[in-house]
Structure formats: structure tokens, C-alpha cells
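User: I want to learn how to read a few features in a structure. Please take me through them one at a time.

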Amino acid sequence: MKFYYDKFKELRRKNKISVTSVAKQLGVDRGTIWSWEKGRTEPTSPKIRNLASILNIPVTEISDLKAEYPLSEGNISELANSWHIFSGKKDIDQESVQKVFLSNLEELFKKFNQTSIIIKAIMSSMNFMFYVKDTKLKYITANRAFLNNTSSPLTENQILGHKDHNFFSLNETKNNEKQDTEVLLTGKPIIDSEDIIPGTRKKKWGLISKYPIFDSEGKIGGIVGTFIDITERKRNEEIREMLELSLNSVSDAYCIRELNKNSYFFVSKVIENIMGVNAKEYKKGGVDYWLKNCVHPNDRSEQSKYYRDRSWPDRREYRIIKPDGQIRLIEATCDFQHFLGKEVMCSVIRDITDKRKNEEVSELLRLNADVMESALTLSSYDKATSSHLIKYANNATERIFGYTAESFNKSGVNLWLECLHPLDKEREMNYLEKRAWPERDEYRIIKSDRSVIWIEATRRKKYFLGTEYTLTVSRDITEKKKKEDVKQLLKFSLNTASDGFIINYSNRKDVYFINRAVAELLGYPEEELYLGGTDFWLSHCVHPNDRKTEMKYIIDNSFPAKRKFRITRPNGEIRVVSVKFSTINLTDREFNIFTYKDITHE
């Protein structure tokens, strides 16, 4: 809608009508009129039509509104008196009825024979709300359904002359009169508009229709309003929409069809994700479309037999080929129900390709875990009972702990606690209670044969579907610990010796071991010598005049059994050392051993 404010202002001034006069006739203040004339705000459609009436011009001159439909000069309210007389709806005395009847007997007999019976029958047979209004939107008549639905205290005999505000709330009155006014102005009916039925406290939905009443000259003499109660249908539609929304929000697709028919009468939109085809085409094409466009050729014969024999298993699996060439595995479950005398088939379709792959991967992982040298356990924590449960233990568990995997699966963490060595039990139980293990943990256990071994455990904690899981890999490090003990004893012995020792890998420049005596002799910290390796020793420790010879030994990896050379300490002091060389092979590795002795004073 558009208001031509400049044109209105021009015509108002031309007709010498003041702003005050216009404001008074419309029941608004002068500021509102000025605001309209400046284009800041726009009047409503009825106000624009009132403005046109004040200026005595067609409404089309000051707006894009359509011209009003011509109203009848007659008043059908007068006709209502005759309706009410003959339908028994107006409380007037019998004498008056008789006078009117006798004075108009001949004419009324011709025009309104059987009127009373017809009107009564029509009005009483309407199970929907019905009213008739004149051009001033005053009620002429309404049926009992209208009065019942609006909870009006008025009777059918008392409705004449009332207006909407006698039946509806302020907002409902405004909306209903707006519709009626539109029909009176345009002459065009409003048909089957879905909305809340006014006067029902927003409890009922209806199909609302408004029809203009035309007189013999084609002018509008009034309006008929009808309200058909569709509350139950609307409620069912809302339930269906909620169900469809729910079904379309899950990952499974739902299809419903009559068992003996090809096409579906419901297919959830999820079918597009699963099958990769348009849901509407799938629904329309039915089973034939599904067989031709979705089912894998190698599975088509079996699925066709189910359809042909009308004998579907409760659960079945088959493959499909999606439009992009993907082959997916489908699981379909069927349920059969009787609905309105028809046998209906309900199918739930889900893509289980990834699930099946995960199952296969899980089985491969289980097989791989069972051939592992290390024990592998998967445990979960149950918050409800504050307990730890072992969900899986591989075959290596028995070899390392001395108890079968089944025993761990059955007894859970309690069996593991029984295995703990007394010296380590308190620490490990503390980890368990706090559910906070270090990523790498070492502890001792007592096996079923009473032997004591060392265990190295690495743990990873993960949360899956709200449950806390811990994956533990345990390996026997008893031999490693023994070697470490021997190494510590050897290190202790070498560090107490007066001679210096350097041990490194053959053909490698990094250092494996340096004792305290050689670090003191060279004058550098052990950490620096470890970090720098042979390169640091050659550039910082060996005297420049002996460096070339020592470099040749290193390059050739060929050292004399005994040699002498000079070293330069960090403080510039030059010392003479005697070095004995020997090699040893351990676990397929060759080590060079250099024994240093300070012979400066010799």
C-alpha cells in the first residue's frame, strides 16, 4: 500500500480544508496529519479512504488502493424484520404480526411462501458458525452454532443490531471487522482462510469465509460470514507434522505403504541421505523404483522375490548402489499393522556399512591383540556403582599375569589388585581410587606361580558415549630391570675407579658412558661430554698438535691397543694421557672401550 502524501496535501489546500478540520473528523491530533503530509508515517487503509471521503475524491487519487465497491442504497436490516417475523425470531406481539401479515398477504404469499419453514431449516441445519451483517457491520442474524461457540448470553432473537465487540475480544473484533470491511470495499470474497475462530478463546481453528451480498442492481448490501470448525483436523495435522519432523531428524529412514500396493504414502526425507535419491520420486515410484534404481543387481533377485511373494522377513540385509557409485550395506526391519481395514507395511531402513566395517575392524583388532606379546586390557568406570569393570583382556594376559583372560573378564579389577606386590599395592590403589594413572607406570606383581615380575604399563583414557574407558598395555620388563640393575652396579663400580672410562658405539660418534674420573681429567661436565660426543672431544679436549692423528683413528675406526696424546683442559692446562683400547660385542652391537690414565708426571 502506498499513500500519495504530496497529492493529498495539494488537494486539501486546494479545497481549503484545514488540518484541524481533518484531524477532528478522523479523531486524531494535528501532529498525525502533519506527519502523514510529510511522508514520515502512513495512515492505515481505512484512514486513507476516510481522507478521500473528506476531500470528496476517489481513493485512487491519493493512494494505490482500489476504488470502493458501490454499496446498496437499501438496507437489508429492514428485510431482517420480515425474516424474524416469519422464522419466529423476533419477540413482537401476535396482533402486530397479524396486521403486517394481513396488509401484505397477497405480495408475501407470492414472494415468501414457505419462508418460515425454509429459513428455520437452513439456520438450524448449519453445524458451522454463520452470520449476516449489513453495510455498517451490524448483525442481522446468526445461527445457534455462532452463539454457542462465542459463549454469548444473547439468544437468536436478540442478535439484531449488535456488533462484533458484543461477541469478541478487542483484538478479535479489530481483525474480523478488517476482513469484513475488505470484502465490502472490494466486493471480492475471502474463501477458506485458516485462522483462529474469533470468540473461542483461541481454542478452535476454522476455515473462515466472507461473501458479499449483492442487491438487484449489483451493489453490495451486506456480508455473510461462515466459520467451519477444523480444530480436530488442525490438531491431527500438527501431530503429523511433529511426527514427520521427528522422523526426519533421526538417522534411520521410515517408509509406510499399503502391503498390496507399489507406491508409498509416507517416506521420511532421510531416505535421500541413505539411498541418494529424491524422496518424492522414491515415494511416487514405490517398490519398483527402489528395485530398479537403488538395489544392487546381485541382490535384486532376492528382494524382488520378497515383493512378489508378499513375504518380507522381519529383518534383512541387502546392498544398494547410490547415484555416485558408492556401494552401501542396508539393514531393513519390517512391521505389519492393520489401519482402517488395510494391511500396512512399516519399514525402518538404516545404512549399516560403517557399522559393519567397524565390526570387521574390531574383529581384526581383537585377533591382532590376541597375538600381541604384551597384555592388553580395556576397562570402564561405572559412575553409578563407582566400580571398574574389565571389558576385554587378550590372550597375552594369561602368559604375563598367570591368570586367564576369562578370569580377568569375570573378576575384573579385583583380580589385578590381588596380583599387586605388597610394596607397590598402596601406590597403585591410590591411582585407581583417583582414576589418575601416569601414562607410563612400573610396578611388581606376584603371579599365580608365586614368581615376582616387573610390569611396565602404559594407559590411555578415553570417553565414549558418556562412559570412561581406559586402555592398558602391560609388558613384562623383568629382564630389562635386571639389566638396568647390572648397569647401575657397573656404573657405580666405574665411577669409583681412579682410571677414566669412555664407552661409545663402534662407528658412531655419540657416547654411551662416561665415568666421573674421565670427566674430571678432561675438565668438562659429564652432561657436556655426553651431548657433544666424539666431535666435542676432538675439538675441545685433544691438543691441536695431536688432533690430526686422533681424527685418522676415528675415520678409520681403527685405534691402537695403547697410545699417548695430549689434552687441553678448559683452563689451558696441558696434560698427557695414556689410553688403552678394547672392543666388546653385546646383543649384536660392538662397543669401543677407552681407559684413560693421566701420565703427565710420569
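Analyst: Start with helices: they are DSSP runs of H or I with at least four residues, numbered from the N terminus, while strands are runs of E with at least two. Here, helix α10 spans residues 170-186 and holds aspartate 180. Asparagine 176 lies in helix α10 too. This is a predicted model: local features need pLDDT of at least 70, side-chain atom pairs count only at pLDDT 80 or more, and totals for chains, interfaces and linings use all residues. Residues are numbered from 1 along each chain as its sequence is written, and side-chain values use heavy atoms, with hydrogens and water left out.

User: Is aspartate 180 buried or exposed, and why?

Analyst: Buried means under 20% relative accessible area, exposed over 50%, partly exposed in between (1.4 Å probe, protein chains only). Aspartate 180 is buried because its relative accessibility is 0%. Asparagine 176, at 4%, is therefore buried as well.

User: Which side chains make a polar contact with that of asparagine 176?

Analyst: A polar contact pairs N or O atoms within 3.5 Å; within protein, one must be able to donate a hydrogen and the other to accept it, and residues adjacent in sequence count only if both atoms are side-chain atoms. The asparagine 176 side chain pairs with that of aspartate 164 at 2.9 Å. Its other listed partner is the lysine 210 side chain, at 2.9 Å.

User: How many disulfides does the search find?

Analyst: A disulfide is a pair of cysteine sulfur atoms within 2.5 Å. The whole structure has zero. For cysteine 294, the nearest cysteine sulfur belongs to cysteine 255, 9.8 Å away. Cysteine 294 is buried, because its relative accessibility is 2%.
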